[in-house]
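Please look over the model shown here.

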Amino acid sequence: MNEVTKRFSIIVLITLGATFGLHTLLNYCINLPLFQNMIVESYCCNAIIAILIFWILVSLKEKYKNHIGFIFLFGSGTKFLMFFAIFYRPFKQDGEIIIYEFISFFLPYTICLILETYQLSKQLNKM
């Protein structure tokens with residue numbers, strides 16, 4: 001793992017850690033169970049996939065510079081497949097996906113996507 005990926009990993013872990021803390025605090029304030037809706041699994045999976053995708057993109061940016069956007073889209077598609085493979089069935093078990101289930105996956109997903117996009121654009125602009 002190179003320096004750029006290590007720095008990105010730290011940023012992702014700190015940002016998602018703070019978001020997770022706020023998310024569980026909000027659950028507490030509105031009298032919901034703190035760790036409902038696979039919230040821990042969601043934050044962990046999104047962090048791991050984001051770091052892995054970023055590492056792959058940074059590693060391949062020189063060799064496949066004309067195709068890096070497609071690789072990024074493939075990574076985003078992988079995250080959606082992860083949602084359907086891991087989270088969709090438990091969320092849909094009661095017949096519907098409630099807002100709290102939706103937020104528990106898509107909040108960390110969105111944060112990771114923003115961080116990935118921003119950091120990757122910085123790396124590509126250096127080329």
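A contact means heavy atoms within 4.5 Å. By that rule, residues 24 or more positions apart account for 74% of the contacts in the protein with a separation of 6 or more.

This is a predicted model, in which local features need pLDDT of at least 70, side-chain atom pairs count only at pLDDT 80 or more, and totals for chains, interfaces and linings use all residues. Residues are numbered from 1 along each chain as its sequence is written, and side-chain values use heavy atoms, with hydrogens and water left out.

**Overall fold**

The protein has 4 helices and 0 strands. Helices (H or I, at least four residues) and strands (E, at least two) are DSSP runs, numbered from the N terminus. Along the sequence the pattern reads α-α-α-α. The C-alpha atoms fill a box of roughly 50 × 25 × 20 Å, taken along the principal axes. Of the 127 residues, 38% are buried. Buried means under 20% relative accessible area, exposed over 50%, and partly exposed in between (1.4 Å probe, protein chains only).

**Helix packing**

Two packed helices are described by the angle between their axes and the distance between the axes. Axes are lines fitted to C-alpha atoms, for helices over the stretch in contact, and angles run from 0 to 180 degrees between N-to-C directions.

Helix 2 spans residues 39–60 and helix 3 spans residues 68–92. Their axes come within 10 Å and cross at roughly 160 degrees. Helix 2 and helix 3 are therefore roughly antiparallel (an angle over 145 degrees; under 35 is roughly parallel, 65 to 115 roughly perpendicular and the rest oblique). Helix 2 passes helix 3 in a right-handed crossing. Right-handed means that the near helix is turned clockwise from the far one by less than a right angle; anticlockwise is left-handed. Helix 2 contributes residues including Cys 45, Ile 49 and Ile 53 to the contact, and helix 3 contributes residues including Phe 72, Gly 75 and Met 82. The contact residues divide into 13 nonpolar, 4 polar and 2 charged. Here Ala, Val, Leu, Ile, Met, Phe, Trp, Tyr, Cys and Pro count as nonpolar, Asp, Glu, Lys and Arg as charged, and the others, Gly among them, as polar.

Helix 3 and helix 4 pack at an angle of about 165 degrees, with axes 12 Å apart. That makes helix 3 roughly antiparallel to helix 4. Their crossing is right-handed. On the helix 4 side, Glu 101, Ser 104 and Cys 112 are among the contact residues. By class, this contact has 14 nonpolar, 3 polar and 3 charged residues.

| Residue | Relative accessible area | Class |
|---|---|---|
| Glu 101 | 7% | buried |
| Ser 104 | 1% | buried |
| Cys 112 | 0% | buried |
| Cys 44 | 42% | partly exposed |

Glu 101 lies in helix 4 (residues 99–125). Leaving out residues up to four places away in sequence, Glu 101 touches Asn 37, Phe 91 and Glu 96.

Ser 104 is in helix 4. With residues up to four places away not counted, Ser 104 touches His 23, Asn 37, Ile 39, Ser 42, Tyr 43 and Phe 91. Ser 104 and Phe 20 are 84 residues apart in sequence and 9.4 Å apart in space, C-alpha to C-alpha.

**Cysteines**

How many disulfides does the structure hold? There are 0, a disulfide being a pair of cysteine sulfur atoms within 2.5 Å. For Cys 44, the nearest cysteine sulfur is that of Cys 45, 7.0 Å away. For Cys 112, the nearest is again that of Cys 45, 11 Å away.
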